[in-house]
Amino acid sequence: MSTSSACFSLFKHCKTFTHLLQVHAFAAKTGLQSHPLVAGQLLLHSAVTLSDTLHYALRFFSSIPSPDPFMFNTLIRGFSESQHPHQSLLTYAQMQRTSVPPDSFSFAFLLKAAANSRSLLSGAQVHSHVVHHGFDEHLFVGTTLVSMYAECGCPHSARQVFDEMSQPNLVAWNAAVTACFRSENVRDAEELFARMPWKNSTSWNVMLAGYTKAGELVSARRLFLDMPFKDPVSWSTMIVGFASNGDFDGAFWFYKEMLSEGLGPNEVSLTGMLSACAQAGAFESGKALHGNAVKSGMICIVSVANALLDMYARCGNVDMAHRVFDREMTKKSVISWTSMMAAFAMYGHGDEAIKLFCEMDECGIKPDGITFISLLYACSHAGLVERGNEYFHQMEDKYGIELSIEHYGCMVDLYGRAGLLEEAYEFVMKMPIKPNAIIWRTLLGACSIHGNLGLAEQAKTRLAELDPNDSGDYVLLSNIYAVAGKWKDVANVRRSMSDRRLIKNPGWSSIEVDKIIYTFVASDISSGVKQEAHNKLSEIMLRLRLEGYIAAVSNVLHDIEDEEKHDAISKHSEKLAVAFGIARTSNGSAIRIVKNLRVCGDCHAVMKMISKVYGREIVVRDRSIFHSFKDGSCSCKDYW
DNA sequence: CTAGGGTTAG
C-alpha cells in the first residue's frame, strides 16, 4: 500500500476535529499534503463531513497553489450546507477566474446552495450557467434543478425543467412529485404519481409524506393501506405525519400496528412517538418509550434524547426533563440547550433559563434565533423586562443573529405582560419590520390581561385589516368588553362574528389515565365517560360553593343571563378533565391536564380551590405555560 | 476521492 492511500484511509476514520488535526500534521510532515488526493480528502472532511470546521477548510484551501475541480467542488459543497450558502457562488466565481472548468458536481452543489438560501435569483443564474456549459441534459443536474425551483417557490419552472427532461428516471419523477407538494399542488402530485412508469417504495413514501404535510391524513392512510410493500420509512412517515398534525390516536395506532408486524421502532418513529406523547401530555406512555430508548440504545441519538427531554417538559415533569439533560445526554446540540431553556420558561423559572443560557455561552455553544425566542420568552414569563431588553440588543451586536418578527413579538409580549402597554405600543410603532397579525394579537392579549380597552380597540382595528377571520381575536375583545361590563359591545362583537360565520375555536382538555388519553370538550355529554365527568364536576362545584366559591362570570363570551353564564363556565373542558381525574385516580396523586387554549380566570380560581380542598396537585399545561396548583395557589403567581 | 428523490427534536 502506498503512503498516500494509507493517508487516505486515515482521513476516512476521522471522527473529530482533533483527530483530523493529527492526520493533517502527519500528512504535512511526510510531505503528502501536497498530494491532490490527500489534500482533497482533508478538504472533504473539514468542509463537509465534520461540523463547524469549515474555517479550517477555507484556510487550507487558500494555501493550495492550484486547486483542482474536486477541491473547488468540495468547498462549494461545504458552503452550500453552511449558514452562508451564498459563499458557494463566490467560490464558483473564483473557479471561473482561475479557468478551472466546472463539471456536473459543481452545478449540483451550486443549485443546492441556491435551494438552501431560497434564492431564486441565484438559482436561475446558476441555471443559465448550466445551459451555457452544456449540462442541461445531465440527469443529476436536471433533478437538482427541479428540486431547486421547488424550494425557491417557483413550481412552474420546476415542472418545466422536468417536462423537458428527455429521459427522466425514477429519482427525477420522485423529485417532480415532491415539487408539486411543495407548492401545495396535491392534485398535480397525484396525477404525476399515477403516470409514473415505475414505482418503488420511495415513490409511495413521497406521496405519504406529501399528503401528511398537506394535512390530508385520510388520503395518506388510504394510500398507506394500499401500498404493496411498507418499509421502515413508510411507517415512520405515518407516525411522524399523524403526530405532527395533532392526531395522537392515529400516531399510536400506526405505532402499535408496526410493532404487531414485527417491526421495531427506529429513531425516527421513536422521535415521532415522543412528540405525539409530548403534545398529548401522555406522560405514562412517554415514560414507557423512555425505557424503550434506553434498552435499544437509541437514547444515545441526539434527536431521540431531545425529543425525550421535550416530552417530559410538556408532560408536566420538568425535573425528569432536567435529568435527561444532565445525565442521559452524552452529546448536546443547540436544540438540547434551547429545549431545556424552553422547559424552564414554561414553568416560569426564568432565572433557571437565564442561568442555562450563560452556561451554554461559557461552553462555547453558539445560540441561534430560536434559542433567543426561548430566552426572551423566559424573561417575559418571569417578568424580567430589563434582562429581556438587554438580551434583545445583544442578539445582533454580540451574537450576530438576525432579528426576526418572532423576536419582536417576544418583546411586545415582554412589555405587554408586565403591564407596560404604552411601551409595548411604542415598540410596535417603531419596529423596522411591518407588524403582522401575531404582533397585534400579542398586544391584544396583553390588553386583555391588564384591561386596557382603548389600546385593545386599536389592535383590533389593525387585526381587522391583517387577519379578519381569527375567531380568537373576537373572543379576546369580547372578553375585554365583558370585564368592563360593556354588554352592548360584547353583543356587537358577537354579531360580527356570526356575520362572518366564525365559530369560537372549541376548547378541549385531555387527561391520561392508565395510558389512555381522554379528551373533553365543553358541554359535551355524548359518552358515558363524559357523563361521569359531568356528574363528578357537579359534586365538586357544590362542595366548592360551600367553601365560598363565587364564579367569575365575566369569563364568558356573551351577555347571557347570569345563571346561564354560571352554567357555561362551569362546563369548561379543563374543569371536566379535572373532575374526571379526581374520579378516576387515587387520592393524593397528581393530576396532569393539557388544554389547547389558555386557562380562563374562573377555571384558574377553581383549580386553586380544588388543589386545596381535595389535597391534590394539579398540573395544567395551557397553550403557552404550565400551571402547577398546590394547596390553593398556582406556580404562575396569577401571572399568565 | 464528490451528486439527485422519502421519515428525525427546540
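This is a predicted model: local features need pLDDT of at least 70, side-chain atom pairs count only at pLDDT 80 or more; totals for chains, interfaces and linings use all residues.
Close-up 1. Look for Ser203 in helix 13, which covers residues 201–213. Setting aside neighbours within four places in sequence, you will find Ser203 in contact with Leu170, Asn174, Phe193 and Met196.

**Close-up 2. The buried side of helix 6.** Which residues of helix 6 are buried? In this helix, made of residues 87–97, they are Ser88, Thr91, Tyr92 and Met95. These residues cover an arc of only 100 degrees around the axis, so they lie on the same side of helix 6.

**Close-up 3. Helix 5 alongside helix 7.** Two of the partners from the previous view also meet each other. The axes of helix 5 (residues 69–80) and helix 7 (residues 104–116) come within 9 Å, crossing at roughly 15 degrees. Helix 5 and helix 7 are therefore roughly parallel to each other, as angles under 35 degrees count as roughly parallel. The crossing of helix 5 past helix 7 is left-handed. On the helix 5 side, the contact involves Asn73, Ile76, Arg77 and Ser80. Facing them from helix 7 are Phe105, Ser106, Phe109, Leu110, Lys112, Ala113 and Asn116. Sorted by class, the residues of this contact are five nonpolar, four polar and two charged.

**Close-up 4. Helix 15 alongside helix 17.** Here is another pair of helices to explore. Helix 15 (residues 232–244) and helix 17 (residues 267–280) have axes that come within 8 Å and cross at roughly 20 degrees. That angle makes helix 15 roughly parallel to helix 17. Helix 15 passes helix 17 in a left-handed crossing. Which residues make the contact? Helix 15 contributes Ser236, Ile239, Val240, Ala243 and Ser244, while helix 17 brings Val268, Ser269, Gly272, Met273, Ser275, Ala276 and Gln279. How many nonpolar, polar and charged residues does the contact of helix 15 with helix 17 have? There are six nonpolar and six polar residues, and no charged ones. When you tally these yourself, remember that Gly is counted among the polar residues.

Methods:
Residues are numbered from 1 along each chain as its sequence is written. Chains are lettered from A and ligands numbered from 1 in the order in which they are written. Side-chain values use heavy atoms; hydrogens and water are left out. Axes are lines fitted to C-alpha atoms, for helices over the stretch in contact, and angles run from 0 to 180 degrees between N-to-C directions. Helices (H or I, at least four residues) and strands (E, at least two) are DSSP runs, numbered from the N terminus. Angles under 35 degrees count as roughly parallel, over 145 as roughly antiparallel, 65 to 115 as roughly perpendicular and the rest as oblique. A crossing is left-handed if the near helix is turned anticlockwise from the far one by less than a right angle, and right-handed if clockwise. Contact means heavy atoms within 4.5 Å. Buried means under 20% relative accessible area, exposed over 50%, partly exposed in between (1.4 Å probe, protein chains only). The arc is that of the directions from the helix axis to the C-beta atoms.
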